[in-house]
Amino acid sequence: MSEKIVITGSSSGIGAACVAYFLAKGHSQIYGLDTNPQPPVTDNPNYTHISCDISQATQLPDLDQVSVLINNAGQQTPSEKYRGGDLATNLVGTILCTEKYGLQPSIKAIVNLASVSAHNGAEFGEYTASKGGVLAYTKWTAKEIAQYGAVCNSLSFGGVITELNQPVMDDTDLWAQIMAETPPKKWVTAEEAAQWVYFMAIINRSCTAQDIIVDNGEFYNHNFIWEND
């Protein structure tokens, strides 16, 4: 398939899983944007890796006629330690990439990665605020691209098994507490997350301006568990 697809935060986690899943589905023009110069796949002519900081408009590469934009790149840090980082990557980066690649006639679908934290506030303050902004921006974007027959939605995952969450996954006590907060006693895998992204981006053509919560029921308890400094 020749649709041009842009996936941000493509080097690891959900982004890397999305690259693998879209490639497996036969897509031949996939561009990954990440600050990490290491690509998620090598020697695949259908994938192009571009190292850049999506929070800096001047670093975004020129890619015309993008059909699908996956705003996945994210940062999760204690606000008091890294003031502004989460907002810059999670919200500003999403806005800049949408303006660069999404607000144009070739676009068919935009999928933004929000978070269940945007709904329940169970996270670091700045991270929660950044993802809440993504929810609002998703609705604005959906209205803007409706003129092109395109859709824009967000996905709010709870815990996902990725490198980003390794600190609590590797801590036996914290992991037990987290599982106690999660009714099915499991987290979403990066591969399952990629399947959700694919459905919303490629298969869906009627759902728009919506946020889908995929969190194994974490929302019901509202508690955020993380390692102590």
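## Gly13 in helix α1

Gly13 has a relative accessibility of 15%, so it counts as buried; the word means under 20% relative accessible area, while exposed means over 50% and partly exposed lies in between (1.4 Å probe, protein chains only). You will find Gly13 in helix α1, which covers residues 13-24. Helices (H or I, at least four residues) and strands (E, at least two) are DSSP runs, numbered from the N terminus.

Beyond its neighbours within four places in sequence, Gly13 is in contact with Thr162, Glu163 and Ala190, where contact means heavy atoms within 4.5 Å. Gly13 and Ser51 are 38 residues apart along the chain, and their C-alpha atoms are separated by 16 Å.

## How to read this model

This is a predicted model, in which local features need pLDDT of at least 70 and side-chain atom pairs count only at pLDDT 80 or more, while totals for chains, interfaces and linings use all residues. Residues are numbered from 1 along each chain as its sequence is written, and side-chain values use heavy atoms, with hydrogens and water left out.

## The protein as a whole

Now step back to the whole chain. The secondary structure comes to 7 helices and 9 strands. Along the principal axes, the C-alpha atoms fill a box of roughly 50 × 40 × 35 Å. A compact globule with 229 residues would have a radius of gyration near 17 Å, and the protein agrees, because its own value is 17 Å. That radius is taken over C-alpha atoms, and the globule rule is 2.2 Å times the number of residues to the power 0.38.

Of the 229 residues, 53% count as buried. Among contacts with a separation of 6 or more, 73% are between residues 24 or more positions apart. The accessible surface is about 10300 Å², and 50% of it belongs to carbon and sulfur atoms; such areas come from the Shrake-Rupley method with a 1.4 Å probe.

## A kink in helix α2

Helix α2 (residues 85-102) has a kink of about 35°, centred on Val92. The bend at a residue is the angle between axes fitted to the seven residues ending there and the seven starting there.

Buried residues of α2 include Gly85, Leu91, Gly93, Leu96, Cys97 and Tyr101. What do the buried residues of α2 pack against? Their partners are the strands β1 (4-8), β2 (29-34), β4 (68-71) and β5 (109-113), together with helix α4 (125-145).

Thr138 is found in helix α4. Its relative accessible area is 1%, so Thr138 is buried. Leaving aside neighbours within four places in sequence, Thr138 is in contact with Asn112, Cys152, Asn153, Ser154 and Gln210.

Val151 belongs to strand β6 (residues 151-157), and with a relative accessible area of 4% Val151 is buried too. Val151 and Ser206 are 55 residues apart in sequence and 7.2 Å apart in space, C-alpha to C-alpha.

Gln65 is not a glycine, although it has a positive phi of about 55°. Gln65 sits in the loop between β3 (47-51) and β4. Is Gln65 buried or exposed? Its relative accessibility is 56%, so Gln65 counts as exposed.

Ala209 also has a positive phi, of about 65°, without being a glycine. Its place is the loop between α7 (190-203) and β9 (211-214). Ala209 counts as buried, because its relative accessibility is 19%.
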